[in-house]
Amino acid sequence: MERVDHLADERNKAEFNVDDMKIVWAGSRHAFDVSNRMSRLVANDPVFEKSKRAVMSRKELFKNTLRKSVHAWKLINELRLSDEEGLKLRSFMDQPGFLDLHWGMFVPAIKGQGTEEQQQKWLSLATKMQIIGCYAQTELGHGSNVQGLETTATFDPKTDQFIIHSPTQTSSKWWPGGLGKVSTHAVIYARLITNGKDHGVHGFIVQLRSLDDHSPLPGITVGDIGMKFGNGAYNSMDNGFLMFDHFRIPRDQMLMRLSKVTREGKYVASDVPRQLVYGTMVYVRQSIVSNASTALARAVCIATRYSAVRRQFGSHDGGIETQVIDYKTQQNRLFPLLASAYAFRFVGEWLKWLYTDVTKRLEASDFATLPEAHACTAGLKSMTTSATSDGIEECRKLCGGHGYLWCSGLPELFAVYVPACTYEGDNVVLQLQVARFLMKTVSQLGSGKAPSGTTAYMGRAKHLLQCSSGVRNARDWLNPGMVLEAFEARALRMAVTCANNLSKFENQEQGFSELLADLVEAATAHCQLIVVSKFIAKVEGDIEGKGVKKQLKNLCYIYALYLLHKHLGDFLSTNSVTPEQASLANQQLRSLYSQVRPNAVALVDAFDYTDQYLGSVLGRYDGNVYPKLFEEALKDPLNDSVVPDGYREYIRPLIKQRFRSAKL
């Protein structure tokens, strides 16, 4: 039977070349080819089928994850896939599992903190998957406050060993993915103690389980922390707990690139700058920002296609009803999320460049840009993951009641994604790190030290504190200079106001504590400016493809003007815009929605997601939603029988009023 495209009319409306936009979204022709091949390799392999995850028991789901993970590893080897291809294949597998932490945290930790000798020994095993590793930092009692970790690693000079110990219940390692049931090894973070002196938190490579029968080694208590939010979702991952009872490891299993302990127990810092650790942090956080764009794009793709399929109201005399996507209320909620997905994609591209730049500078012992890069990546991780989590939930609401069905793909996507707001740094804590950096930058404005990078705009503080927006009509809000100046003025004025308020406190830390909420808002304004500026830089550059640049410009200004609308209180209270100019921005925003409307379905097609990867009946490429919803409903185990289990015990006695009298 020939497949009918129920969204063909929508696709025919597109005013740009979708294939060209796919290249822009992917970043390059090469990146598109890799992504396209890997996504279809996964989609066409029955082992990666995922439609039954919601009804699997925890044990079934976990075993299914093991099967898929090992199958993915076999494919990577048999097909001789490159690292880039292997990473893409694992991402399209779309099921959290031990491979994520092994390759994403364990291996980079050894690369970043291990000596050449240690890397040669451990990476040769890890890259062949002869050992499976995880990253055990977070404890039951401490997450964000790494310096408060309680696990100890005490050096015993008599045996040339470290004694790893969990002195309290709250010192239990808690949450590391892959720890609960799979990992044979872990990079453990513990307080290093030599000769009675605490040298702070350091990393150690520790074997947890036997390589013969996988049983925990003596002195180690390890297991899974239990069910988590949602059906399927992150329950495929064995997040674990871990306790040590005076567990001994050789001295050379301390990661010693940055510091070491000698045979005599002397603590010695190496010549390698400690700042090198931040390079890994920048890499991880830029990956998280890129993943935010991917996750938000999935949700937006589902909501956009379904909004074009769904019709409600608007019919007269039995005529055809109005497509939901044609309602301005739907556009006002949906199109800014579509714009955000593209915005996060492009700021993620820029962060990849930043990581390369920081790495080169670190290798040359140039640490000048490191504080700014650290603050920037921390803030963008926080801002994009928060916006994406909220955006996925908004997309679920945009799909009405059907969005609540598991088969819509949105509940599981939300449950899988929302932990990103917490791991690799709690989002509020990260924004406060940005705020500290901003306060320091503001305090140095009169010192002659020019701000650089993403804070370069602060070097024009005199102008930005005095200027008023030049917007006179709605079209002025399509002027990149005017948009940027409004965002720069808002960000700077909020930061300066916080700095002025801080100066009123004799105790700066007390002042910081009192102004936490204001500081978070100032940091958020700075991060939103970064995203807007990078999006504008992208669309003002050379972009190939018929009609592509025009569509990206529309999305860019939707993103910026919607932020202005959403945070209007900031812009008005700082006098960055007037109420009249804000009204003109809303007028221009409505015009932009109308321009994006005929291109909406094509703009999500440019993400190039297969139906298998989307995992959504509502977001199907062909728009054939309603018959497929029935098919999914009939697959539910409750529909295996017409009369439900429990009818004779409970329903029949109820409706026949035949109850046995209870005996006292």
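I take buried to mean under 20% relative accessible area, exposed over 50%, and partly exposed in between, with a 1.4 Å probe and protein chains only. The model is predicted, so I note that local features need pLDDT of at least 70, side-chain atom pairs count only at pLDDT 80 or more, and totals for chains, interfaces and linings use all residues. Residues are numbered from 1 along each chain as its sequence is written, and side-chain values use heavy atoms, without hydrogens and water.

Cysteines. I looked up Cys-134 and found it buried, at a relative accessible area of 0%. Cys-467 is buried too, at 14%. I counted 0 disulfides in the structure, a disulfide being a pair of cysteine sulfur atoms within 2.5 Å. For Cys-467, the nearest cysteine sulfur belongs to Cys-498 and is 19 Å away.

Second largest pocket. I read a volume of about 570 Å³, the space filled by probe spheres set on grid points joined across faces, edges and corners. A pocket here is an open set of points on a 1 Å grid over the protein atoms alone, where a 1.4 Å probe fits, with protein on both sides within 12 Å along at least five of seven lines; lining residues have an atom within 4 Å of a point. Of the 25 lining residues, Ser-386, Ala-387, Asp-390, Leu-563 and Lys-566 are the closest to the centre. Helices are DSSP runs of H or I, at least four residues, and strands runs of E, at least two, numbered from the N terminus. α10 gives the largest share of the lining, 7 residues.
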